[in-house]
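Me: I'm new to this one and would like to walk through it slowly. Can you show it to me before we start?

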Amino acid sequence: MGILGIYLTNFARITQLDNLRSHLEKEARVTAEASLPAFLGQVSNLDVLAKKLGKEIDARVTIIALDGKVMGDSEEDPSIMENHATRPEVKEALSSGRGESTRYSTTVGQQMMYVAVPITNQGKVTGVARVSLTLVAVENSVGHVTLVVSLATLSTAMLAMLAAFLIARVTTRPIREITRAARRIAAGELEQKIAVGTRDETGQLARAFNEMSLNLNKLVGEISIEKTKLTTILGAMADGVVMTDTEGKIVLANKAVEKLFHLRQDEMAAKPVIEAVLDHEVDEALKLCLRTGQQQTVQFESGITKRFLRAIAVPIGEGKLAGALLLFQDLTELRSIQTMRRELVGNISHDLRTPIAGIKAMVETLRDGAIDDKEAAGDFLARIDSEVDRLTQMVSELTELSHIETGRAELRIAPVDLNRLMEEVIAQMNPLALKQQVSIAAVLAATLPMVRADKDRIRQAVINLVHNAIKFNHPGGRITVSTRSDEESVTVDISDTGTGISAEDLPHIFERFYKADKSRSQGGSGLGLAIAKHTIQAHGGKICVQSEEGKGSTFSFSMPLKTNLNTDNIKI
């Protein structure tokens, strides 16, 4: 429209100028014909003729002699006008028979168009007739055309923009809907569907988007399910699992790793493994795994938790590795059990060898003739009986522990009065206490609810605790057996003023086969407290110990008043 407007404006201007030029040429020729008689001497005053013609044709008329002198002018006095011989239109008219010029007139003070033609008589030029007209009318006409064209152009442009806007909105509406849906998908709202109303390209795009959204939602759902499974498995694993990238930086770690190394997952994220585990052997095994693509295994003791661990580095991916998987297995308990079992074998071997050697020596002595000495024979037989009792106790404890570990032990549940049971145990253990110069006192609750339990097994557990309190006490020491109760349980406390337990041994005192330092390991197999712990826990109770080395110990166990042990015989 702009180009068309420029073309129309120029066309109008050129047309107007051509029309004006043609009009002025005709009027100039009429003026030349009218002024010829004056040049022939028939009319004397050319100025009067010029003014009369100018008024009639409504244009400026100028009659010029061959020498350029102005003979008449419709608007000015010829006598004061300059010589026009040098005017371009006059010179051109004399040379070619027609002259034209457009310029600013100082006389009139406006832009003028001049057209001049020669005045001839029988082929002889006698003068020049010039007609001129201001271009104001032309400019006004062109300005009007320009205004009309500009308004038409502006109106058409506005209509075109409005139409383009409406068409664009209608055309791009499905694309805008797809854009909004894509943004919602990017925000996590995967269940997006676009209404398809056309069969054109946008409709095809919308259908493809709906299909993509459906497949994406399905795929993300499957991935979410698999991720939930993986998270559940990793969270439930007792072994620590760490996934690394190809540079050995941590990508994923489960909760077991947090416990093993006392770190939170956000503290481990994107860190090198060595910064988390602080062990160069693990770091070297991981680097070797990433470099060779082969599984690597290393055992180390964690400097953070002082636990003995095994790390297995497994490459992820075939060919081009995507990283590695580190599996941390806590071997502390297994190693402790193995150590304790070795110690048990050593202790049992020593404990069995000593009484057996004594029995063998005494039997040989009796065989060699000491049997005839009734006093010596009686002493030897008493010692043999004591050693046999000791061996029987050891075998009984081993058998009891074996039954508990294999689940073949049974509880015979019945109501038990713990106050009465404590009195029976004190009466049974009092002779041993007197022998060790230790006193036993009972501080029993006035009213104590009955508990459902296996009386014999509870009795044996209490005997083990009281026996330890006697064995590891000082001459003149005291043992206090007390009972108490609350709304949920009955508690028994056995306190002594003995040697106490070191802080190093205290966490392990209830472990199977565990024996404290040598000052506490004389006699016994280290199974009594483990059996007592399993017995109390089998009844749904709890057992604990508080001790300070050199100041004595307090063993406490509680029995629940509300229990699910309602049958007479229960395997534990």
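Me: Which strands form the open sheet, and in what order?
Reply: Five strands make up that open sheet, ordered β13-β15-β16-β18-β17, and their pairing is mixed. Strands (E, at least two residues) and helices (H or I, at least four residues) are DSSP runs numbered from the N terminus, and two strands pair if DSSP finds at least two bridges between them.

Me: And which strands stand at the edges?
Reply: β13 (439-443) and β17 (542-548) do, each with a single partner strand, so one side of each is left without a neighbour in the sheet. On average, and with direction ignored, neighbouring strands of this sheet are turned by 15° against each other; axes here are lines fitted to C-alpha atoms, for helices over the stretch in contact, and angles run from 0 to 180 degrees between N-to-C directions.

Me: Before going on, what kind of model is this?
Reply: This is a predicted model, in which local features need pLDDT of at least 70 and side-chain atom pairs count only at pLDDT 80 or more, while totals for chains, interfaces and linings use all residues. Residues are numbered from 1 along each chain as its sequence is written, and side-chain values use heavy atoms, with hydrogens and water left out.

Me: Back to the sheet: do β13 and β15 run parallel or antiparallel, and how many bridges join them?
Reply: They run parallel, and five bridges join β13 to β15 (residues 478-485). Within these strands, Ala 441 stands opposite Thr 480 of β15.

Me: What about β15 and β16, parallel or antiparallel?
Reply: β15 and β16 run antiparallel and are joined by seven bridges, and the two form a hairpin with three residues between them. Arg 484 has Thr 491 in β16 as its bridge partner.

Me: How many bridges join β16 to β18?
Reply: Seven bridges join them, and these strands run antiparallel, with Ser 495 having Thr 554 in β18 as its bridge partner. β16 is also mostly covered, since seven of its eight residues are buried, where buried means under 20% relative accessible area, exposed over 50% and partly exposed in between (1.4 Å probe, protein chains only).

Me: Which helix packs on the sheet, touching β13 and β15?
Reply: Helix α13 (residues 455-471) does, and it touches β13, β15, β16 (489-496), β17 and β18 (552-560), with its direction making about 25° with that of β16; contact means heavy atoms within 4.5 Å. Helix α14 (residues 528-538) lies across β17 and β18, running at about 25° to β18.

Me: At what angle do α13 and α14 pack?
Reply: They pack at about 145°, with their axes 9 Å apart. Residues making the contact include Ile 458, Ala 461 and Leu 465 of α13, and Leu 529, Ala 532 and Ile 536 of α14.

Me: Changing topic, where is Thr 153, and is it buried or exposed?
Reply: Thr 153 is in helix α4 (residues 136-186), and at 17% relative accessibility it counts as buried. Leaving aside residues up to four places away in sequence, Thr 153 touches Met 1 and Gly 2; the C-alpha atoms of Thr 153 and Gly 2 are separated by 6.7 Å, although these residues are 151 residues apart along the chain.

Me: How do the axes of α1 and α4 cross?
Reply: The axes of α1 (residues 2-39) and α4 come within 9 Å and cross at roughly 160°. That makes α1 roughly antiparallel to α4, given that angles over 145 degrees count as roughly antiparallel, under 35 as roughly parallel, 65 to 115 as roughly perpendicular and the rest as oblique. Among the residues making this contact are Gly 2 and Leu 8 of α1, and Val 149 and Thr 153 of α4.
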